[in-house]
Amino acid sequence: MPKAQTFAPWHIVDDLHLNVTKFRNVDTNDPMPVVMTELGDGSVHRAYDLGRHSWNRVEIHVTLEFSHDQRRDVLPPGEDANAALKPLVSIRCSRTKLRLARTLEQASEQKWEGSFVLERDALLGVARIKPMIVRTKRRTRSGHRGFARELGAIVAEGPASDLRIDESASPFEGGLYVAWEDFATSNDPFRRAHPDLLYDVDVDWSEPRLMLNKAFDDVHVLLQDERPTSSVAKSTRAAILAHVGSAALGHLFHAAATDVFDDEESGERTVPDGWQEVVLRRLVPHLYPEHSSQHGRMNALFDDLSTPDGRRSLERRLASALQSDQLDAKVIRAIMVGAGS
Amino acid sequence: MSPQPPSAGLGRWAWREAPADGGRDFGNANAYATPADLETLVRETTQNSLDASVAGGRVTMRFSLIEIEKTSAAYETLSALLDLPSLHQHVVASSKMGQKFGARLKAGISALEKSETFMMLRIEDFGTTGLIGGEHAVDDETNPFAAFVRNNLDSSKSTTGAGGSFGLGKAASWTCSNLFTVALSTNVAERPRHLGEDAMRFIAKSELAWHELDGQAYAGPGWLSDAEESFSSSWLPPSSLEALFLDRSNLPEGVDETDHTGTSLLILGFHDPAQDGPPDGTRVVDDLVRAAAANFWPAILDEALTVRVDHLVDGRCVRDEEVRPDDYVPEFAKAYRTYREGDTVTVGERVNDVVKCSIPLGLMPTRKDQASVTPIAKKLDAETHLVVRLTDSKQGNGDPDTNLVALVRGRKMVVKYVQQRAGLSSGFSYHGILLAGTAAVGAAHALEAEEFLRLTEPPAHDAWEYSQDLKGVYVDGTRARLQEFFRSMSDALRDVTQRRDDGDDVGPLELRRLLTVSGEGSPGSGVSASLRKAKAVVDGDAWKVGATVQVRRHESRLKIRPRLALKVEQGHAVPLKWSSLEWFEDVTHGVDEHGPWCIVEPIVTQVRFEGVSASTAAGIPATASRLSLDVDAESMIDDA
């Protein structure tokens with residue numbers, strides 16, 4: 001049974017399928033063999049890894065199918081689809097606030113296609129492309145309740161695709177920027193002043209960074225070896241990763257909680273869209289297991305953040321949540337392997 | 001009005017009478033709005049002068065530290081011309097009134113009495129309009145003279161690129177006077193017709209607090225004004241002002257007769273608020289030169305400004321220096337020249353490369369009823385330029401300017417140096433300049449950006465930050481746009497300073513996965529609620545909604561909340577309130593800040609509700625978007 005349901009104010013088709021057929025580097029005129037990953041059946045179903053390529057402008061060619069049956073579902077009998085509707089692709093980049101819409105042209109009876117060029121300078125992180133069909137004229141005749149009437153009303157849409165613009169946004173790299181450097185020679189004054197630290201969680205950037213100290217040669221070798229053979233190495237690696245992971249996640253949680261703000265437009269307490277939301281979404285199920293829904297957990301978190309008593313209670317919950325996330329039974333077993341258990 | 005008897009000086013002191021309501025003003029609040037230090041004095045006065053340039057031409061500033069022996073004839077003449085004995089009586093009276101201001105005055109009087117020399121700081125500009133305008137503001141109109149000499153919180157500036165906008169900066173001059181007194185002469189471009197070619201306008205103003213003297217109460221401020229017309233300025237031949245160092249006859253090097261208009265301020269009993277004890281003249285001059293170089297190098301390099309600093313001791317010039325940015329901020333100067341000459345690159349590969357990239361500054365539409373800025377109908381991205389000069393990481397370690405970004409807009413003053421960390425140690429260090437508004441050459445929407453950024457600056461004009469003032473001008477969303485702007489700058493710096501030939505040494509995958517969400521759920525709780533027979537239909541301008549909440553068997557009471565939200569094209573769903581909601585079981589129910597709720601006992605596994613939504617959420621019509629309905633069940637055990 002569903003925990004949430006969505007209702008449309010008029011008939012909407014929601015299974016449009018957008019196909020990205022070609023990427024071309026506009027400056028060199030070379031085709032770009034972009035790697036695609038299927039992400040499942042969610043609101044974003046594919047990701048294209050443009051971050052691995054060097055480009056300034058890329059042309060993307062897409063096709064879209066819109067069948068007779070789908071048209072019948074969104075238009076009242078007798079209305080001409082070609083006159084009333086237009087397929088388009090919306091392009092959004094949340095980091096740069098780029099918002100574009102490009103219309104598609106009919107290629108055959110049930111197929112539309114088009115190309116658009118994106119400039120690298122106008123994009124940051126991830127751009128999202130999504131197919132939709134909108135009304136291009138207002139329906140003036142009365143009757144036929146349940147069908148969209150207004151100009152601009154979306155009558156059909158489909159899952160989006162992500163264009164991973166930056167290498168750091170690549171789905172193959174994992175979400176957190178983690179890198180090694182020798183703290184003694186770091187550009188960062190804090191790390192340079194603390195050359196004996198094993199790690200530093202730096203949240204001064206728009207995306208946080210977990211920096212590991214390369215001066216610890218043996219730790220560097222151990223952690224970079226994903227398949228250690230000795231049980232002692234396995235155990236030690238698991239323990240260090242659990243410790244660093246717990247501490248880093250705790251730091252990230254506090255930084256994310258600090259960034260919760262009152263949205264001027266909605267008047268609601270809100271978490272920024274980026275990494276902060278990911279951290280909180282990851283931890284709130286552990287923090288507030290007594291709630292069944294994500295919005296209930298978030299509201300509980302906002303309530304706790306707003307009072308001293310709430311913040312105290314939250315700290316206790318956080319200790320428990322970090323253990324659940326980073327030190328579960330599997331990790332403890334891995335650590336104990338080295339002790340001969 | 002309370003004029004004093006005429007003296008042998010250039011006029012007589014006239015003091016504003018205390019208000020009839022008995023209110024007492026213990027110091028001009030303007031003096032506390034900007035930091036009390038020499039850097040602020042240089043920033044505020046130079047900014048004002050740039051704003052007053054004649055037809056946007058070059059402005060020359062001259063700062064002169066003047067010291068004269070108190071036993072000298074020069075001091076005796078100066079004292080007589082300014083009627084210092086009369087002024088002193090009021091200063092002493094004001095210092096007795098206690099409060100913070102009184103303590104500052106007492107310290108000032110004590111410093112003056114202990115010192116064998118009388119120190120003054122003269123600040124002159126050339127190539128400016130001078131303090132033009134009538135004695136007082138008329139109706140809603142103000143003018144530079146009235147703004148500077150009479151009014152508080154009056155900037156009298158209306159141009160987009162103006163550096164100042166609050167009218168508080170002038171207070172910096174008074175806060176550097178032990179007597180809180182400044183004399184000025186101004187050579188205006190447009191003078192009254194009946195006056196001679198060389199007549200100069202003269203007045204002095206003392207910014208004291210409420211005080212009593214000889215049984216008479218005074219509001220605070222006083223003016224050494226025309227002997228015939230109290231509170232008014234005098235028009236005098238330059239020779240009358242020579243003993244006050246305000247005759248402006250000795251033009252600075254490079255200034256010709258065509259640029260002779262402008263204003264000379266004389267801060268009487270000068271002290272450096274940042275120095276304890278009598279000011280060290282050499283240090284004062286050093287600090288003035290450094291402040292001018294560090295804050296105005298864009299204007300100096302653009303030849304919009306020349307700054308000179310000299311030091312006169314008993315009529316003898318012991319130092320005279322023109323401010324050259326290359327001597328103080330050489331890296332910024334090199335980066336800026338490269339930008340102006342169009343020699344930047346898009347990708348930096350080696351030390352000394354100067355990289356330029358564009359950073360978008362999102363500007364929200366303006367409100368219909370605002371008249372402060374050029375209207376913006378739709379949100380737009382203004383272009384700003386980030387200019388980065390790459391330096392060697394190791395060499396940069398000793399340079400305090402390394403890894404700083406200078407924020408600059410139209411008037412070519414550095415608003416602020418922002419410290420931004422560079423990338424990994426394998427990357428470059430840098431010196432950065434963020435040129436925004438009309439300072440960004442050929443940038444799209446430069447004027448709109450200039451106007452916006454001017455409004456984001458606090459009284460000291462030393463930051464770009466969100467303030468409530470912006471709410472009346474731009475629609476909501478400005479704060480977020482400003483945050484995005486600085487985040488974009490930070491990201492661009494990271495990219496620009498990364499060496500192309502070094503890959504990052506990426507850390508273990510297990511840690512990289514810390515910022516991923518594997519799926520939602522409620523680990524370990526077993527609390528679960530789902531929807532059955534849910535229905536929602538548009539009814540007029542709202543949604544009519546009904547559903548049955550099904551909960552798993554539970555041992556504790558559950559608090560159930562149904563929630564509505566509008567699914568918008570991008571971003572979070574927008575919460576939609578209930579206008580009414582009815583429960584169809586016998587349950588305890590209520591409404592709090594999160595909306596309606598009911599509590600079900602352990603034996604209850606389902607509860608039905610029906611309700612009607614509100615008609616809008618955050619300005620979005622409820623029936624123009626998809627509606628999301630979900631439900632939360634909360635186990636009512638404390639510290640679960």
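Predicted model: local features only at pLDDT ≥ 70, side-chain atom pairs only at ≥ 80, totals over all residues.

Student: Does B:Val600 count as buried or exposed, and why?

Tutor: The rule looks at C-beta atoms, placed from the backbone: a residue is buried if 20 or more others lie within 10 Å of its own, exposed if 12 or fewer, and partly exposed in between. B:Val600 has 24 C-beta neighbours inside 10 Å, and therefore it counts as buried.

Student: Which residues is B:Val600 in contact with, leaving aside its neighbours within four places in sequence, and what separates its C-alpha atom from that of B:Ile560?

Tutor: Two residues are in contact if their C-beta atoms, placed from the backbone, lie within 7 Å. By that rule B:Val600 touches B:Val551, B:Arg557, B:Leu558, B:Ile560, B:Val587 and B:Val607. As for B:Ile560, it is 40 residues apart from B:Val600 along the chain, and the separation of the C-alpha atoms is 7.4 Å.

Student: In the open sheet of 4 strands in chain B, what is the order of the strands, and which stand at the edges?

Tutor: Two strands pair if DSSP finds at least two bridges between them, and in this sheet the pairing is antiparallel, in the order E18-E19-E25-E22. Strand E18 (529–539) and strand E22 (578–583) of chain B each have a single partner strand, so one side of each is left without a neighbour in the sheet, and the edge strands are E18 and E22.

Student: Over how many bridges do E18(B) and E19(B) pair, and which residue is the bridge partner of B:Ala529?

Tutor: E18(B) and strand E19 (residues 542–551) of chain B pair in the antiparallel sense, and the pairing extends over 9 bridges. Within E19(B), the bridge partner of B:Ala529 is B:Val551.

Student: Which strands are at the edges of the open sheet of 5 strands in chain B, and which helix packs on it?

Tutor: This sheet has mixed pairing and the order E13-E14-E17-E15-E16. Strand E13 (354–363) and strand E16 (414–419) of chain B pair on one side only, which makes them the edge strands. E13(B) and strand E14 (residues 380–391) of chain B pair in the antiparallel sense over 10 bridges. The sheet is touched at E13, E14, strand E15 (404–408) and strand E17 (429–435) of chain B by a helix that packs on it, and this is helix H12 (residues 478–496) of chain B.

Student: Where in helix H7 of chain B does the kink lie, and how many residues of H7(B) are buried?

Tutor: The bend at a residue is the angle between axes fitted to the seven residues ending there and the seven starting there. In helix H7 (residues 281–301) of chain B a kink of about 65 degrees lies at B:Asn295, shortly before the proline B:Pro298. The helix is largely enclosed by the rest of the structure, because the buried residues of H7(B) number 15 of the 21.

Student: Turning to chain A, which residues cover the two faces of E13(A), and which strands are joined to E13(A) by bridges?

Tutor: In strand E13 (residues 160–164) of chain A, 5 of its 5 residues are buried. A:Ala160, A:Asp162 and A:Arg164 lie on one side and A:Ser161 and A:Leu163 on the other. Strand E5 (residues 44–49) of chain A runs parallel to E13(A) and is joined to it by 5 bridges, whereas 4 bridges link E13(A) in the antiparallel sense to strand E11 (residues 126–135) of chain A.

Student: How many helices and strands do chain A and chain B have?

Tutor: Of the 341 residues in chain A, 35% are buried, while 47% of the 640 residues of chain B count as buried. Chain A has 9 helices and 18 strands, and chain B has 13 helices and 28 strands.

Technical notes. Residues numbered from 1 in each chain as written. Chains lettered and ligands numbered in written order. Axes fitted to C-alpha atoms, helices over the stretch in contact; angles between N-to-C directions.
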